[in-house]
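Look at the model and its sequence. The turns below take it piece by piece.

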Amino acid sequence: MAYHWLTKPRLWLYCSLSMLLALMIACGAAEESPAETGSTTTESASEQAATEQMQEPAGPPPAAQRQPSTGMEGGSSGSTSGTDSMEQAAEAAPAPTAVPQAMEEESMVDARQVDRLEFAITSANNETNRPWAGSRQAYVQYDPTLDYAIGIHPTTSEYVPELAHKWEASDDLSEWTFWLREGIEFHNGWGELTADDFVHTAQILTRPDTRLGTWRYFVGGRNEDGTPLAGPDKYFTKIDDYTFKMTFHGRDGTPATTFDAEFVMSNASSEMGPWSKNFWESAGGEGDLYFCGEDDAACLANLEARESLLDEHGLQGTGSYQYLEREPAQAFIMEKTPGTHWTHNVDLPEGVLPDSPDFQEIRLYWVTEDASRYAALLAGEAHLADLPLDLQKDAAENGMKLFRSQFTANNFFVFFGGMYLSDDERDLAAYDPSVPWAETPWAGQEPPQDRNSPLFQNNGWKVRRAMNKAINREELLDVLYKGIGELMYVGYFHPSHYGWDETWPDRYETEYKYNPDEAEQLLAEAGYGPDNPVKVTVQSYVSPGEAELPQAMEAIATYWQNVGIEVEIEDLSASQVRERYRAREMQNRVWPNIIIYFPLEYGNLTGFTSTFGSSNHYQDNWVNKISADWRNATDFDERDRIAREWGNWAFDNYLTMPLFWFPHTVVGDPSVVESWVYPGSTVPRNGHMHAVRAAYKG
């Protein structure tokens, strides 16, 4: 079925957003509500119901990702390290309550029997069965077919036993030991899960050509030829078939503290979901074939034979769904794993993995345009759809159901490109002082620590401050997120993270809050104006779980244009944006990021800043030094101090453009889907697809 009038999202969606923003900017928000003015206007029943669905309270962040438990067995946590710092960490991470859910009313629609659940999402972000060749977001395709050493509880977000029934950490948190359950079988008869399958999966992640980020935790860094500083014999120790030890490494390739091991080994991260080594090796060839030299023809031929297995058969995991087929450029299809799944034979924490999934098949299919996904949902061709919030409300008014994540797990901020300010030779080569917000006199040197000095408050700083103060966050939050989100004050920091500074919300009022007059003044002080405008290219893209991202960037572009900044929006794929920032090719560009609630160190240090990370969003000499201190600190109070110091540097230096925190929401057809309880704190966001419950009970 064609939906010609709906296939131009900017014509249909962005116009309404732009008009609303224009009216609000020109006229200001109404001072009195209809109720206050005595208006007799009333909402229809459907509008009222939709409003109630949209305004369900946003949930807390996932507590399990605040600090490591360092020891788990049978679903209850307890420190096995014996250190006071870990006890302090536990006290600093109070357990959250789940999001209050709307009361279920008796369905007014007739339930339909559906064997194949059709789920329309934005894109796959690297359509491939070769996980090392895609981004982390590509795991939206693999997640239902994989299980993990550590699970995420859907309503508490605690780390809970899954494939591993127990794990514990060494005193310095560099070595983590895992005990696997016995008798867990891979799909399609590929044998029993053992410790060897975990090292196999880790070797895939650490290939020199990998596009994934977890490899740094295992190997630390690489030699000039791309080989890892710490190979499998260093990061993996097999104790027996069901017990293994992972050793995490720093940038120099030596063992290093990590507070993030549980995240890395869980379905929050998703990358370490093990799949069968026996399957990988069935194509033939001797030895651990994971990467070959360019001139080794025999090795390359054997490796290609193994990689081709994935193209044809997909990853052979242990999940409640297994790979069925891929429709190139269209969809990824899974089928319910036949027989009795391993979860039926073990004692798991209540609610972690429910009984047998309700749907025989799941088809994830790609529809880039928001309006087309919505039209497919209304027509009954899609049963679940990833939609931006403006369409979510409209969908609710049209009888659709909103399935909201249990936690405020999505965060949204914008990066300044070209901030390559360290003395790393790659940064020195990439730095361009003509980039307005990167015009910094101390590039390649130690940054000044006097935040009031002219050296610190340089022209680049003034432009970054101006671009932040030109954004009306409160207005945008209300328009885009309908009251379910909250402001972010420092890029990636949430009040639940250790290192939080209680002064940031108050300081936001003068340092970041919308003030277009001050923004124009700052631009003028930096030497920019009508005859010499700041020029910026916005890298816009779509990604699963991030449907509102293009709308937000259109609105932000409008705010910037209102203060004299010249803006060009470039629509790209998420993988193209990723390739550019990893290659340090973001001069004169900015790009948005919506990501889940990562552990603080993972998000800020290894992900976004410092040369230890792979993203190259921001680097300077001070950040590189403090990140090394942060990674090596095992005392919680010291880590808390360093994190706060880092956060204040990011706040004062306008390192990013922080925007919002909000829960993830999926829209469903209530005649097909009755409920879906999921945490939202996993990289694929719509993880826990085994928990999608059918409306038809048969």
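Q: In which sense do the strands β7 and β9 run, joined by 5 bridges?
A: Strands here are DSSP runs of E, at least two residues long, and helices are runs of H or I, at least four, both numbered from the N terminus. Two strands pair if DSSP finds at least two bridges between them. In β9, Lys245 is the bridge partner of Thr177. With 5 bridges between them, β7 and β9 run antiparallel.

Q: What kind of model is this?
A: Local features need pLDDT of at least 70, side-chain atom pairs count only at pLDDT 80 or more, and totals for chains, interfaces and linings use all residues, since the model is predicted. Residues are numbered from 1 along each chain as its sequence is written, and side-chain values use heavy atoms, with hydrogens and water left out. In short, the model is predicted.

Q: How many residues does the hairpin from β8 to β9 pass through?
A: β8 and β9 pair in the antiparallel sense over 4 bridges. The hairpin that joins β8 to β9 goes through 2 residues.

Q: How many of the 5 residues of β9 are buried?
A: Buried means under 20% relative accessible area, exposed over 50%, and partly exposed in between, with a 1.4 Å probe and protein chains only. The rest of the structure largely encloses β9, because its buried residues number 4 of the 5.

Q: Which are the edge strands of the open sheet of 7 strands?
A: The strand order is β10-β11-β12-β3-β13-β21-β14, with mixed pairing. Inside it, β11 and β12 pair in the antiparallel sense over 5 bridges, and Ile333 has Arg363 as its bridge partner in β12. An edge strand pairs on one side only, and these are β10 and β14.

Q: Which helix packs on the open sheet of 6 strands?
A: That sheet has the order β16-β20-β15-β19-β17-β18, with mixed pairing. Its edge strands are β16 and β18. The helix touches β15, β17, β19 and β20, and its direction makes about 30 degrees with that of β20. It is α13, residues 459-469.

Q: Is Ser540 buried or exposed?
A: Ser540 lies in strand β17, which is joined to β18 by 6 bridges and runs parallel to it. Leaving aside neighbours within four places in sequence, Ser540 is in contact with residues including Leu549, Met553 and Ile569. Its C-alpha atom is 8.0 Å from that of Ser573, 33 residues apart along the chain. With a relative accessible area of 2%, Ser540 is buried.

Q: Why does α15 count as roughly parallel to α21?
A: Axes are lines fitted to C-alpha atoms, for helices over the stretch in contact, and angles run from 0 to 180 degrees between N-to-C directions. Angles under 35 degrees count as roughly parallel, over 145 as roughly antiparallel, 65 to 115 as roughly perpendicular and the rest as oblique. The axes of α15 and α21 are 12 Å apart, and the helices pack at an angle of about 15 degrees. That angle makes α15 roughly parallel to α21.

Definitions and conventions. Contact means heavy atoms within 4.5 Å.
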